[in-house]
Structure formats: structure tokens, C-alpha cells
Amino acid sequence: MTTSAQTVVRTEKYLTRQDAILRAATGILNDKGLRGMTLGQVAERFGIVSTGVAYYFRSKEALASACFLQAIEAHNRLIGEAMAGPTVADRLSRLVESYFDLMRRIAVGEADDIAHFDDLRALDDPATEAAYVDMFRHVRRLLDPNPGQRQDRVTLNARAHSLIQQLIFARTWLRRYDPADYARAGRRMLDILLHGLGSEVRPWRAARLTMPGSATAQPDDPREVFLRAATQLITEQGFRGASVERIAARLEVTKGAFYYHIDAKDDLIEICYARTAEVVRTTQQAADRVPADARDRLAAALGHLVDHQLKGDVPLLRPAVTSLPDGMRQRVTLVFERNGVRFGSMISDGIADRSLRPVDVQIATSMVNATVNASAELANWLPGAPDDRATETFLRPLFEGLAPVEPRRTSG
């Protein structure tokens, strides 16, 4: 065998082994999050020693980056294929159909799994983040009704971010469905993406909510100060990024000062998530008191929550709980699910009073939850500081659709 032939054999063997390691790492990353994944776990699942994994990926971070880049590439392929559609509606239809088919093939073992993006920011890797931004630009072009012409960048960015987050969050709620029903679920989600929840197009009139007085600690209370810092770090870098060292550094205090006021980091993190759930719950209750139809009450609740994300000093946390310890993850998931049930009731009320279209309530509820979650990162995708129209621009497609067409139909 010639030297060049031996090189080809070694290269093919290397790539095959590398791909197998990526598959193993993706499974662990999706199950345990970035915080819970180690090279040792990947090696054990693959049946080799840790140094064997390090031969292909020098660190856990490098391996996680490769997993995320592989997932971004998979999304880019679907987006690229959907771009063949002549209109926004056609392109969106192709993307959703192919995305849900990929999810089905993954669920039944016909395709390799791809990494969730929950901990991408926590990785803090410029190359990975740049690849994600490039994927965002591809989605923005897909939603552009007049490519080549000057467009409202705020509107396009808000819509692109919303669509990406709806697709990403669909992976979470699809677990409740049999893979044989994924295509139907995709059609029902597409119906809402195209036409929105509203039964008619109307001026945006989200009511201002009267919120009850806060029972939380004063802003200068030491525990409250640590709570705000931890919440901001979780929003920016995920659970892994909210370490005691980073919380203390942000506040310019010592770790000893942290433990003087806080018993344990995990206690503080759970309080942060409980605070978010409480804000959502009290907002829903305030919206229920608005003298309007259900559509306007839902718009009022969502408008308040998005405003809170864009203008409040303590952001709401996304329920991206993969990296949380098991017990905490179960408790946090439960309180967020209860908030989701309340949104489902609001949607049911809207269908009953005909202010909302007769849509699949379970899927609509999941999409409303995804909208609230997506607002956590909305400001990152808006050119310049958020203005007074940012909330309306972000929420209108949920009620009116990304590309409404006539006649309106509810897919079966």
C-alpha cells in the first residue's frame, strides 16, 4: 500500500471515529447540559479511555463547540433547501415541514440527534456564536418578502429571532407526541406561524396592566443584590456561567461575602427561577382583570412580559433547565408548566369568544410559552437600543402571522 493510500485510510478512520464521538457527546449534552458533560462520560459511552476522546477534541469545550456547529450546519441545510420557495409563505412551509420531518427521523432513529442550543451562550466561544449569527442571517433572508430592497431591520430581526426560537422550543413540546403525529403537529404549528392566533387584523392595543405591589426585598437588600446579579449571569451565560466566583466578581465582593448572605449557590439559583415564575403568574392574573376580550387580555399579558425583558433591570429567565441539578430541574419545570396551563386557558377563552381563531390549543400554548422565552434574548437581535415599538413588532406576528395568506384555513 502506498503512503498516500495509507493516509486516506487513516483519514477516513479518523473521521469515522470522530463522528461517533460527536454522536455520543450530543446525547450527553442534550441530557445533562454543558455543565454535566465530561470527556470521561463521553469516553465511557463510546467505550474508550478519556485520553482517546482528547486525541480528537482537546477539551470538553472544543467537543461541545463541535456539537453545536454540527447542529447549526443541520439547520442551515434545511434553511437553504427552503429558500427555493418563491414567497415567504412557501419558504416557511418548506422549512417547517422539513424540520418536523427531521425531528421525526431523529425520534425513530433514522437520523442522528443534533445538539440543543440551550447552553450555546454558556460555552462563550466566539467561533460558535459567529456561526449561530450566520444561521440567524439565513433565517432573516428566508422571511424577507422583498430581497434586495431596503427593509425594516427591527421587524425582520424580531421575526427571525421569533421563528428560530419557535423551532428550537418545538423540540421540547414534541416529546409529548408520538413520532407518527409529528407531521400533523408541524402543520398545525405552521398554520399559526402563517396566520397567527387572532381572528382578525386589528390595531395593536395591548392594555397597560395594573400590577400589585411587590413583596420582594428592597433593591439594596444584600440577598436581593446577589439575586439580581445571579439572574443577569444566568441570562447571559446559563446556569454554568452563574458561578459563585462570577457573581462575586460582578458585584466586586469576595466569595466570603457571598456565603455570608447566601447559604449555597443552588438555593440562590432556584430563587431566581421562582422569581421569574411569580412575575409571569401575577402578570397573567392582572391580565385576567382587564375589561376586554381574551385576545386583548393575552396581548396585555405578553406585552407586559416583553416590556419587562426589554426595560426591566432583572430579566426573566428562560426555562432552559437541562443544566440544573435533577431535583431543582423537576421543581422549576413544574412551576413553569403551571404558567403554561394558564396561558392555555386564556387561549381557550379567546376561541370561545371568537377573538382568537380555532387553533390547536396545546400547540398554541407551547408557542406562547416560546414567545415569552424568546423575549429573554430579543434585545440582542435588535439594532440599537429597544424603542417603544419593539414589543409590538415582536408580538404582532403571533396574532397576525409571519406571512398571512387568503383564504385562512386550519390545517388538520
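This short talk walks through helix packing, a cavity, some salt bridges and a serine in the structure above.

Hi everyone, thanks for coming. A word on the source: this is a predicted model, where local features need pLDDT of at least 70, side-chain atom pairs count only at pLDDT 80 or more, and totals for chains, interfaces and linings use all residues. Residues are numbered from 1 along each chain as its sequence is written, and side-chain values use heavy atoms, with hydrogens and water left out.

Let's start with two helices. Helices here are DSSP runs of H or I, at least four residues, numbered from the N terminus. Helix α14, residues 294-311, and helix α15, residues 326-352, have axes that come within 8 Å and cross at roughly 150°. Those axes are lines fitted to C-alpha atoms over the stretch in contact, with angles running from 0 to 180 degrees between N-to-C directions. On the α14 side, the contact (heavy atoms within 4.5 Å) is made by Ala294, Arg297, Leu298, Ala301, Leu302 and Leu305, and α15 brings Phe343, Met346, Ile347, Asp349 and Gly350. By class that gives eight nonpolar, one polar and two charged residues. Here Ala, Val, Leu, Ile, Met, Phe, Trp, Tyr, Cys and Pro count as nonpolar, Asp, Glu, Lys and Arg as charged, and the others, Gly among them, as polar.

How many cavities of 30 Å³ or more does a search of the whole structure find? The search finds five. A cavity is a set of points on a 1 Å grid over the protein atoms alone where a 1.4 Å probe fits but cannot get out, and lining residues have an atom within 4 Å of a point. Points are joined across faces, edges and corners, and the volume is the space filled by probe spheres set on them. I'd like to show you the second largest cavity, with about 90 Å³ of space. Its lining includes Ser162, Gln166, Ile192, Met367, Thr371 and Phe394. Helices α8 (153-173), α9 (182-195), α16 (361-374) and α17 (390-400) each give two or more residues to that lining, and α17 has the largest share, with three. Seven of the lining residues are nonpolar, three are polar and none is charged.

On to charges. The structure holds 21 salt bridges, meaning a side-chain nitrogen of Lys or Arg within 4 Å of a carboxyl oxygen of Asp or Glu. In one of them, aspartate 19 pairs with arginine 23, with the closest N and O atoms 2.6 Å apart. They sit four residues apart in helix α1 (residues 3-36), so about one helical turn separates them.

Aspartate 307 and arginine 208 also form a salt bridge, at 3.3 Å from N to O. Aspartate 307 is in α14 and arginine 208 in the loop between α9 and α10 (222-241), so this pair ties together parts 99 residues apart in sequence. Are the two partners buried or exposed? Aspartate 307 is buried at 17% relative accessibility, while arginine 208 is exposed at 70%. Buried means under 20% relative accessible area, exposed over 50% and partly exposed in between, with a 1.4 Å probe and protein chains only.

Glutamate 400 and arginine 396 meet in a salt bridge too, at 2.6 Å, and both lie in α17, four residues apart.

Last stop: serine 375, in the loop between α16 and α17. Serine 375 is buried, at 2% relative accessibility. Leaving out residues up to four places away in sequence, serine 375 touches Val306, Gln309 and Phe394.

Note on methods
On a 1 Å grid over the protein atoms alone, a cavity is a set of points where a 1.4 Å probe fits but cannot get out, and a pocket is an open set with protein on both sides within 12 Å along at least five of seven lines; lining residues have an atom within 4 Å of a point.
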